[in-house]
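Subject: Structure handover

Hello,

Here is the structure I promised to pass on. Please open it and keep it on screen while you read the notes below.

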Amino acid sequence: ESRGGRGGDNARRGVLMDEEASTANSLWGPYLLNGERVQYTSRVKKYRHLSVKTRQLVLTDAPRLFYIDVEAGKTKGDVPWSDTLRVVPKTTTKFTVKTPKRDYEFNDLNGGGTRRWFDAIEAVKTQATRS
């Protein structure tokens with residue numbers, strides 16, 4: 001089960017609540033770098049050409065955005081972080097993460113949807129520019 005902020009203003013902004021963040025960090029801890037903390041995560045369908053894969057998409061405070069094949073127990077890829085990274089909504093659950101070299105297509109399966117991903121990524125980008 002994935003966590004994606006449920007309740008109050010923080011959930012609307014895509015920020016995990018304390019209890020959910022703790023659960024997310026323990027669930028996905030083996031995939032995190034030293035000192036990294038999960039900011040948002042959910043199960044998604046990832047589209048690439050004709051391929052459709054179910055993955056766990058994880059956003060951390062590093063900042064880092066990566067996806068895991070939960071069944072295989074492996075990190076399958078990273079979305080390269082840059083100042084120009086952005087989320088483009090397609091529908092309430094489908095969105096594209098645009099990077100300078102590639103677009104990543106996702107469909108949120110947990111119902112948090114495009115808005116939560118947009119808000120979470122923007123919050124991490126803002127945090128990163130302040131650091």
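A nonpolar core is a set of buried Ala, Val, Leu, Ile, Met, Phe, Trp, Tyr and Cys residues joined through side-chain atoms within 4.5 Å. Buried means under 20% relative accessible area. Keep both in mind for what follows. One caution as well: this is a predicted model.

**Confidence**

The mean pLDDT of the protein is 86. Of its residues, 84% reach 70 or more. Residues 1–13 are another matter: pLDDT stays under 50 there. The model has 32 contacts beyond four places in sequence for that stretch.

**The cores**

The largest nonpolar core has 17 residues. Which of them touch the most other members? They are L57, L59, L65, V79, V97, F106 and W117. Several elements give two or more residues to this core: strands 1, 2, 3, 6 and 7, and helix 3. Helix 3 gives the largest share, with four residues.

Click on L57 next. Leaving out residues up to four places away in sequence, L57 touches Y40, T41, S42, V44, L65, F66, Y67, F95, F106 and W117.

There is also a second, separate core of eight residues. Among them are W28, V38, F66 and I68.

**Helix 3**

Helix 3 covers residues 113–130. Its 18 residues should span 26 Å at 1.5 Å a residue. The end C-alpha atoms are 26 Å apart, which agrees. The buried residues in this helix are G113, T114, R116, W117, D119, A120, I121, V124 and K125.

Is strand 3 enclosed or open? Six of its six residues are buried, so strand 3 is largely enclosed by the rest of the structure. In a regular strand the side chains alternate between the two faces of the sheet. Here both faces are covered. R64, F66 and I68 are buried on one side. L65, Y67 and D69 are buried on the other.

Strand 3 pairs with strand 2 in the antiparallel sense, over five bridges. In that pair, L57 stands opposite Y67.

F66 has D78 as its bridge partner in strand 4. This pair forms a hairpin too, with four residues between the strands. In the turn, G73 has a positive phi of about 70 degrees.

Strand 5 covers residues 86–89 and pairs with strand 6 in the antiparallel sense, over four bridges. V87 stands opposite V97 in strand 6. Four residues link strand 5 to strand 6 in a hairpin.

Strand 6 then runs antiparallel to strand 7, and five bridges join them. K94 faces N107 across that pair. Again there is a hairpin, through four residues.

Now find T96 in strand 6. Is T96 buried or exposed? At 0% relative accessibility, T96 counts as buried. Its side chain makes a polar contact of 2.9 Å with the side chain of E105. Beyond four places in sequence, T96 touches R86, V87, V88, K90, D103, Y104 and E105.

P100 lies in the loop between strand 6 and strand 7. P100 has 61% relative accessibility, so it counts as exposed, the cut-off being over 50%. Leaving aside its neighbours within four places in sequence, P100 is in contact with S82 and T84. The C-alpha atoms of P100 and D83 are separated by 9.6 Å, although the two residues are 17 apart along the chain.

**Two backbone details**

Most residues other than glycine have a negative phi, and most peptide bonds are trans. Two places here depart from that pattern.

Where is the cis peptide bond? A cis bond joins A62 and P63, with omega about -5 degrees. P63 lies in the loop between strand 2 and strand 3.

H49 has a positive phi, near 55 degrees, and is not a glycine. H49 sits in the loop between strand 1 and strand 2. With a relative accessible area of 74%, H49 is exposed.

Best wishes

Conventions. Residues numbered from 1 in each chain as written. Predicted model: local features only at pLDDT ≥ 70, side-chain atom pairs only at ≥ 80, totals over all residues. Heavy atoms only, no water. Buried < 20%, exposed > 50% of the residue type's maximum accessible area, 1.4 Å probe, protein only. Contact = heavy atoms within 4.5 Å. Polar contact = N/O pair within 3.5 Å; in protein donor to acceptor, adjacent residues only side chain to side chain. Expected span 1.5 Å × (residues − 1). Pairing = 2+ DSSP bridges. pLDDT = per-residue confidence, 0-100.
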